[in-house]
Amino acid sequence: MVTYCKHTGERLMGPMEFSALTSDPENAPKIYRHSRPKFHAMLLDQLAEVGLSVEYGKEAVDFFEGVETGRAGVVVRDGSRYDADLVVAADGVRTRSWNLVAGKEVPAVSSGDAIFRAAYPVELALIDPVVMERFKLLEDGRSVIELWDFGTAQESWGNRVHPEEVLKYTATIDGWSDIGDCVIKTIPSSSLVDWKVMWRDPQPQWTSPGGRVCQLGDAAHTFLPSSGNGATQAIEDAVSLAACISMGRIREGVPNATRVHNLLRFERVSCLQAFGVVNRKKANSGGQTDDKPKDKLVRVGRWILEHDPELYALENYAGATAHLAHGTPFQNTNTPKGLVYMPWTIQGLLEAQEKGEATILDGDWD
Ligand SMILES: Cc1cc2nc3c(=O)[nH]c(=O)nc-3n(C[C@H](O)[C@H](O)[C@H](O)COP(=O)(O)OP(=O)(O)OC[C@H]3O[C@@H](n4cnc5c(N)ncnc54)[C@H](O)[C@@H]3O)c2cc1C
């Protein structure tokens, strides 16, 4: 369950089902929250199941590809080289694969925002009786997430931060609630990270020249947290790439599979990146949520919720292959209904919105 609160701690909406955050709550499919550690453990179990081992502490410093040998690889910090038929560059927002894929680093620009993030055992928070009372379970045993909004953050901070520093910041917010400070005080000092929110314009090219290195997740597309979709799209990428590779094993091979995956995914992901830019603007506009809290919610449309990236890849593989090989017309259908994709930049998008001009966000996004 989720509630929407003012920065004073006053509850404006909820507790309500997560489906209330969608554009069509009545008909939305059931939305579940997942434990991230458990999800991670599940992925590791699956790797073990298929006989793949994970080596930790290996920092990728470069990616390479031999177009003629049909192999690609990665160089790690200690100088060792690993090679394979396919290398997936999933090393996050500062991927080392840019030089190979784009021929240059993709510049990041500060959005001017920063977010404090902490993950720590809930038992530590519940030691404080005030926090315990505020976050007590509902009668049916379910817990409640609180979304707080004050929309005035314009700072950029360093990396790790002591909770005292956050308290100094909250002391400057007019009307900030004591309950917020009570929670902050329970955070272990080593657990609090200061996350500077950076953004990058969409990059359509995710594959190396020979198609054997493929960027995935944040390495291919950075998301603003306000899109609420970066991790979801990284997982969709993984499912789509796996489906394309399964098709590529039968015909046309790995390079075609990664290029098809790139074609099937880019426009969808780019739309969701744009969604995040606009949601951020919405969330930061003014900071007064008491009159119309619903206007501030991220609305998740059916085209986002109900997409099956595996089925989509299998159904569209042949059409996308023909498009890449012969220029046969191909139209993605995993974007908002009726959308005609137009390339955009963050700056251009914000300026066009300001002037009331047409943008990629026009159309039926529900
Ligand atoms: C404040 C905040 C809130 C967010 N909220 C949401 C949300 O509600 N919903 C959502 O879907 N998404 C959310 N996101 C986005 C989400 O966290 C990311 O999109 C997601 O983690 C991307 O996954 P990834 O595997 O591509 O990259 P990452 O999770 O960044 O994983 C990359 C991995 O590569 C490793 N690595 C980095 N460099 C190297 C190297 N050179 N060599 C070897 N390994 C390397 C890193 O240690 C890391 O383990 C949020 C992000 C932020 C910052």
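**Notes on the predicted model**

1. His 307 counts as buried because its relative accessibility is 17%, where buried means under 20% relative accessible area, exposed over 50% and partly exposed in between, with a 1.4 Å probe and protein chains only. This is a predicted model, in which local features need pLDDT of at least 70 and side-chain atom pairs count only at pLDDT 80 or more, while totals for chains, interfaces and linings use all residues. Residues are numbered from 1 along each chain as its sequence is written, and side-chain values use heavy atoms, with hydrogens and water left out.

2. His 307 sits in the loop between helix H9 (302-305) and helix H10 (309-326), helices being DSSP runs of H or I with at least four residues and strands runs of E with at least two, numbered from the N terminus. Apart from neighbours within four places in sequence, His 307 is in contact with Glu 236, Arg 265, Arg 268, Arg 302, Tyr 312 and Asn 334, contact meaning heavy atoms within 4.5 Å.

3. In helix H6 (residues 178-185), the buried residues are Ile 179, Gly 180, Asp 181, Cys 182 and Ile 184. The N-terminal end of H6 is capped by Ser 177, which has a side-chain oxygen 3.0 Å from the backbone nitrogen of Ile 179.

4. For the protein as a whole, the secondary structure comprises 11 helices and 10 strands, and 42% of the 366 residues count as buried. Of the contacts with a separation of 6 or more, 72% are between residues 24 or more positions apart.

Methods. Polar contact = N/O pair within 3.5 Å; in protein donor to acceptor, adjacent residues only side chain to side chain.
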